[in-house]
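Hi everyone, thanks for coming. I'd like to walk you through one model today, starting with a pair of side chains and ending with how the chains sit together.

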There are 2 protein chains.
Amino acid sequence: MIKLAVDCMGGDHGPSVTLPACRQFLEHHPDAHLLLVGQEASLRDFRHERVTVVPATEVVSMEDSVETALRRKKDSSMRVAIQQVKDGAAQVAISAGNTGALMAIARYLLKTLDGIDRPAIATQMPNEKGGATTVLDLGANVDCTADHLLQFAVMGSALVSVLQDCEQPKVGLLNIGEEVIKGSEVIKQTGELLREAGARGDLNFYGNVEGNDIFKGVVDIVVCDGFVGNVALKATEGVASMIVGGLKSEFKRNIFTKLAALVAYPVLSALMKRMDHRRYNGAALLGLRGLVFKSHGSADALAFEHALNRAYDAARNNLLDRVRTQVAHAAPLLAAGAASV
Amino acid sequence: MIKLAVDCMGGDHGPSVTLPACRQFLEHHPDAHLLLVGQEASLRDFRHERVTVVPATEVVSMEDSVETALRRKKDSSMRVAIQQVKDGAAQVAISAGNTGALMAIARYLLKTLDGIDRPAIATQMPNEKGGATTVLDLGANVDCTADHLLQFAVMGSALVSVLQDCEQPKVGLLNIGEEVIKGSEVIKQTGELLREAGARGDLNFYGNVEGNDIFKGVVDIVVCDGFVGNVALKATEGVASMIVGGLKSEFKRNIFTKLAALVAYPVLSALMKRMDHRRYNGAALLGLRGLVFKSHGSADALAFEHALNRAYDAARNNLLDRVRTQVAHAAPLLAAGAASV
């Protein structure tokens, strides 16, 4: 039985999204048991033989500072959900709440793995090959050293090898050109460490990749610091929504374009489905002594169910052990990296 | 008469693109005179009363290192074009060649303005409001201090006020959140400097913006370091081309979707036209004692003509004086910024 602790109160919509998603998820996963964490009034009507309600009186809001979430709301649904993982009552926790708070609480309660200085957030972006590219870090760490980026590469590699069943996933270093002489000082140092890791067989290092390569699917994993990753993610969301908005407004222009829209609708909706970001919902917080997944705050029930699926797959495939093993295997290199920066 | 020096050999296509663009440009600009710089064999057939051919025996290739371009090819079309600006024979130079080489040669020949440590590359990206957002830097400077970013803000402001005829353009600082406490150390310092500049009236500082705000058109100018700017630009190009590629492949799927494509074609092509990146071709190299514009290397004749138009507008509206004046006006602040970092 795989046990998942779900922060039912988190995200923009709370239980109105998380509970329907949980019900769907339970139907598709007969060996899953859910610990629904949240305020009892919201959860008591949810009955299911494979569900346990775990009460938590407080809720971390999207506006709460890390300080407030961590120090003042000790009985929040987010914190209680992560506590289930720490106590061994659940194998993984999932929340759609405030990212900064989730990262801080997870780090405080679970601690990082040996050899890892900072946890990272890894998410998937769709690519032209019809698959997904895993990108990390996405906002947890803004000032990174080469050593941190090496750790992200090792953890991302473990994640993709477990979740996409791919033995030696290709790792690319996000840069402003393919040549090794390109980039900032930190990126050049990181390139050296990654090449060394590749030579030792700890990683399948492809080399530098550029922003557009994320969507070409040139590599399985793209490593970057949290500042660059966050800007790249949001910039691409921005351009995608501009294009979709442009399509809608062009098709609404007059009666002829509205007719054209009717004819083109099945084609456009097939495309939207292929690129539906909800299918890629569920980011992993890597580098902790326990599994935590983060859903988009604005997720609807379908998107939140995808995050539950990813968390379930991670738990079922022992992601935690895999990350721990790969980090331990790369330990001499990580230590050398730490010494050299 | 506005005189433009054109590197006719630069870019992926050389004279086969630059010369037709020059001919179109001359038709639309009766007060323009072009100095066509390049190998005589390629240019001698181009006759026009407002054209002078300036011979240059060498060509900087897209693969040449900065070193090769600067030290070994002293008679390159790129260098000779910039020399025309230095000598006062032209008000502005335009090249579609190798960005690194162009920046290095321009900086070597023209030198930077007083108060400016590093030139920056400023380009435009389309936004949802139907206008364009100017983003800088885009690859010239990977490791930037807060002081450099402040200089970029002042220069970007001058550029937009001249080219878009907008007195106090809004400047945003690219960050991973709107709150002032967000971001890396350099970004937080930059925020302080920009707020100070705003308070002094040297800039119209809006505050932090996120990646998606570039495309929302929240501000006129987005300031970032060259690493982040380059990744954001290429990532958005990547996602846009994935969406366009997806549309094409969905419409080609079968006979019904092909018919739908015929019906939808006028609508889709109107959208493509609105978002056509060729309309935004022509990046300014700012901070030099002379005007230089950079075209995309892969530009076609229409795109290269747009770069010529932008260079012409910049020269006609005295962009150089405007940048010099704004930099001089902000001099006490720039000096204070330099002292504080």
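Let me begin with A:Lys73 and A:Asp64, which are both buried, where buried stands for under 20% relative accessible area, exposed for over 50%, and partly exposed for what lies in between, with a 1.4 Å probe and protein chains only. These two form a salt bridge, and their closest N and O atoms are 2.5 Å apart. The rule for a salt bridge here is a side-chain nitrogen of Lys or Arg within 4 Å of a carboxyl oxygen of Asp or Glu.

A quick word on conventions. This is a predicted model, so local features need pLDDT of at least 70 and side-chain atom pairs count only at pLDDT 80 or more, while totals for chains, interfaces and linings use all residues. Residues are numbered from 1 along each chain as its sequence is written, chains are lettered from A and ligands numbered from 1 in the order in which they are written, and side-chain values use heavy atoms, with hydrogens and water left out.

Back to the salt bridges. Over all chains, the rule gives 22 of them, and 2 lie across the interface of chain A and chain B. One to look at is A:Lys234 with B:Glu210, at 2.2 Å from N to O. On the chain A side, A:Lys234 belongs to helix 9, and on the chain B side, B:Glu210 sits in the loop between strand 8 (204-209) and helix 8 (213-216). Helices (H or I, at least four residues) and strands (E, at least two) are DSSP runs, numbered from the N terminus.

Buried or exposed, what is A:Lys234? It is buried, with a relative accessible area of 19%. B:Glu210 is buried too, at 14%.

Compare that with B:Arg253 and B:Glu250, whose side chains meet in a salt bridge of 3.1 Å, N to O. Here B:Arg253 is exposed, with a relative accessible area of 53%, whereas B:Glu250 counts as buried at 3%.

Now the interface as a whole. 48 residues of chain A are in contact with 48 residues of chain B, contact being heavy atoms within 4.5 Å. Between them the two chains bury about 4200 Å², 78% of it on carbon and sulfur atoms; that is the accessible area (1.4 Å probe) lost on being put together, summed over both parts. In chain A, the residues that lose the most area to chain B are A:Ile176, A:Phe227 and A:Met242, together 16% of what that side buries.

There are also 8 residue pairs in polar contact across this interface, both residues at pLDDT 80 or more. A polar contact is a pair of N or O atoms within 3.5 Å; within protein, one must be able to donate a hydrogen and the other to accept it, and residues adjacent in sequence count only if both atoms are side-chain atoms. On the side of chain A that touches chain B, the elements giving two or more residues are helix 7 (185-200), helix 9 (226-251) and helix 10 (255-275). Helix 9 supplies the largest share, 20 residues.

The same surface serves both, as 100% of the contact residues of chain A recur in chain B.
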